[in-house]
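Thanks for coming. I have one model to go through this morning, so please bring it up on your screens and follow along.

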Amino acid sequence: MNQAQGKNILFKHVNWNKRVSLVLLSIMAMTFLLSFPQIGFAATSATIQFNQNLGQRSPNVFGGAINQLDGASDVDSLRSVGISFARRDVYLSQILPNTTVAQYLADMSVSGGVDDPNNWDWSQYGWVDTYHNKGLKTMIILSYNVGWLSYNNTNNGVPKNWTVYEDIIKKITQRFQGKIDFIEVWNEPDLAQFLNISNSGYANSLAAYKAIYTHAANAVRSVNSTIPIGGPSLSTTDTSWANALLQDANTKPNVNFLSYHHYQMVPNGEPNIQALKNVASANGVSNMPIYITEWNWDWQYIGSSMNNDSTDAIPYVAQRLNDMIWNNVAGTGYFAFNKQTTHPDFYSIYSNGSLTPKMSTYRVLAKQLGLGAGDFTLRGSSWVNGASSIVAGGATNSSGNPVAWVVNTSTSGGDNLTVNLNGLKANTTYVAAAYEASVWQNGTSASFTTSFATNASGNASLSFWTPYESVIGIKLTEQTPSPGGVSNGSFESPTTSNFGYRPLGATWTFTGDAGIQRNGGDFGASAAPLGVQTAFVQNSGTMTQSVSLAAGTYKVAFKAAKRTSYGGTQTFNVMFDSTVIGTFTPSTGTFSALATSNFTATAGTHTISFVGTTAGDNTDFIDDVVLSAV
């Protein structure tokens, strides 16, 4: 009788109640074991498939709805975190003089009358020029009406004379020609406070809106044949209005995008984007762009941590953006990128011009990862939750950098995270720079950098800690070999004001306790023999560079010195690929000229490395590295 048979026989002699108890205990034990990952192994993971092309995505997803932000410096603040798109009202009631329909019509046949836009008040619209000059793609909203042109004498009533209304819209379009990029017709016409149909004769708001849309679009098209026009900019995710616009022969030709608003407390994957795409496809427009021109946790100015100055909003904003990117939204307007002159805990820019914590999400995704700089290619992604709940995504930005992001939506604790980076170039060295938005960091600079090499399949992985309520962005930079010799042998790039471990952008790849230090810095090194910076190798730190060589014999020359202000003596090896070509132990703080033995190289890509061998706080400085043929 084998061991398994023995267990079955023993179990048969237990009564039924005891069997149930044993089963429950076994399940509880298994659950306990599964609930706690083994120490040292990441339970939470994300996988990015860079060889999967899920299509182009627009940087306009990183946009905002604005109704009070005019200063150039404030726009600079938005641009500094990668914001590329803005939506804002143009109010007819602010621009037009007080007159009558009869007077306006009469003046259309003469010069200098009330119909002349030179007599209109444009004083509140300098922001159009500012946004344009600062590089923001701008969507204006043709907002409402003016009392004297309305059936009910309100600024949100239906126009009672289409000739006058079209003339006004035409002249507004002409005024902003070349400075705006999109036109949205009206705002939330499904709400009576924005579209009041009383006394108009229209049976419902949809019928009135279709008439308004037809005439507004006709006016725009009379002076601009290409600018995208869209709507209906509903307050809800109802698709019936979009369907009606696309089924009406008067409106359909000039519907270039569909828009709606989505205030949602719990991120739901944004299924409404696909619902609108399905409506468009059913009406023969399968490539219709969809805009969410207002979104947030809630539209109201209430003291919730999810839409005020709290860092709680960081993962919420990131998860919503991730969902919108995945569903290929053409642009969005987070409500609101206003300055906090009113509602001080709600808007996105403090009264002093600095940015609120939630804007660090944009800094990581749009700026540091470069997703706000231009169209990017979405890549495949998947994830497994462990102690933390996450969502993840990956892309190739407009500059060609592979990037990935992970949003930790957990409200307490964190977890070890493994990010699998698959489908990169095979046998290639990359430098990864990680940026974090959380209660602890705002994404302004890299939280860490590291380098790695992919395997023959183009795969690699990174492991690190992810804190709760955070978004982590990872930007990869391929390290290309230097043709015929080392580059940046004087370590002048990147510039540091003191010292930095594992700096990014040096053409060298630093690992462990190695980096770049500057003259006069805390390491106390002698002045650099060449330039004002040197490399340093401490403990078992290494620095490596790929080089492309013709077949031949070479040597590496350099200058080195030891740190005399602290620590002991360091010995380092210089290596060609995996072969030691020299071992050096600088004995003084004065830089000495040194050189490796001659070595033979085959044609192709190789590596030159400086490798520390002495454990502990022992440091050597290296400068003026030259690889030359013998």
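Let me begin with confidence. The protein chain averages a pLDDT of 90, and 92% of the residues score at least 70; pLDDT is the predictor's confidence in each residue, from 0 to 100. Over residues 1-42 the pLDDT is below 50, and beyond near neighbours in sequence this stretch has twelve contacts in the model, where contact means heavy atoms within 4.5 Å.

Now the ground rules. This is a predicted model, in which local features need pLDDT of at least 70 and side-chain atom pairs count only at pLDDT 80 or more, while totals for chains, interfaces and linings use all residues. Residues are numbered from 1 along each chain as its sequence is written, and side-chain values use heavy atoms, with hydrogens and water left out.

Next, the overall picture. The protein chain holds twelve helices and 31 strands. These are DSSP runs numbered from the N terminus, with helices being H or I of at least four residues and strands being E of at least two. The C-alpha trace spans about 95 × 85 × 45 Å along its principal axes. Of the 630 residues, 52% count as buried. Buried means under 20% relative accessible area, exposed means over 50%, and partly exposed is in between, with a 1.4 Å probe and protein chains only. Taking contacts between residues at least 6 apart in sequence, 74% join residues at least 24 apart.

Which one is largely enclosed by the rest of the structure? That is H11, because 13 of its 14 residues are buried. Helix H11 covers residues 313-326 and reaches 20 Å from its first C-alpha to its last, close to the 20 Å expected at 1.5 Å a residue. The expected span is 1.5 Å times one less than the number of residues.

After H11 comes Asn328, which sits in the loop between H11 and E10. Asn328 has a positive phi of about 60° although it is not a glycine. At 31% relative accessibility, this residue is partly exposed.

The other helix is H9, residues 240-247, where Trp241, Ala242, Ala244, Leu245 and Leu246 are buried. What covers them? The cover includes helix H8 (205-221), strand E7 (229-234), strand E8 (257-263) and helix H10 (271-282).

Glu188 is in the loop between strand E6 (182-185) and H8. This is another non-glycine residue with a positive phi, about 45°, and Glu188 is buried, with a relative accessible area of 9%. Val223 is in the loop between H8 and E7 and is partly exposed at 22%. Setting aside residues up to four places away in sequence, Val223 touches Lys170, Thr173, Gln174 and Gln177.

Gly135 lies between helix H6 (126-133) and strand E5 (137-143), and with a relative accessible area of 37% it is partly exposed. Leaving out neighbours within four places in sequence, Gly135 is in contact with Arg79 and Ser84.

Asn385 is in the loop between strand E11 (376-384) and strand E12 (390-396) and is partly exposed, at 42%. Which residues does Asn385 contact, leaving aside its neighbours within four places in sequence? They are Ala43, Thr44 and Ile390. Asn385 and Ser45 are 340 residues apart in sequence, yet 6.8 Å apart in space, C-alpha to C-alpha.

Last, the cis peptide bonds. The bond from Phe335 to Ala336 is cis, with omega near 10°; Ala336 is in the loop between strand E10 (331-335) and helix H12 (359-368). The bond from Ser493 to Pro494 is also cis, with omega near -5°, and Pro494 lies in the loop between strand E19 (482-483) and strand E20 (499-501).

That is what I had to show.
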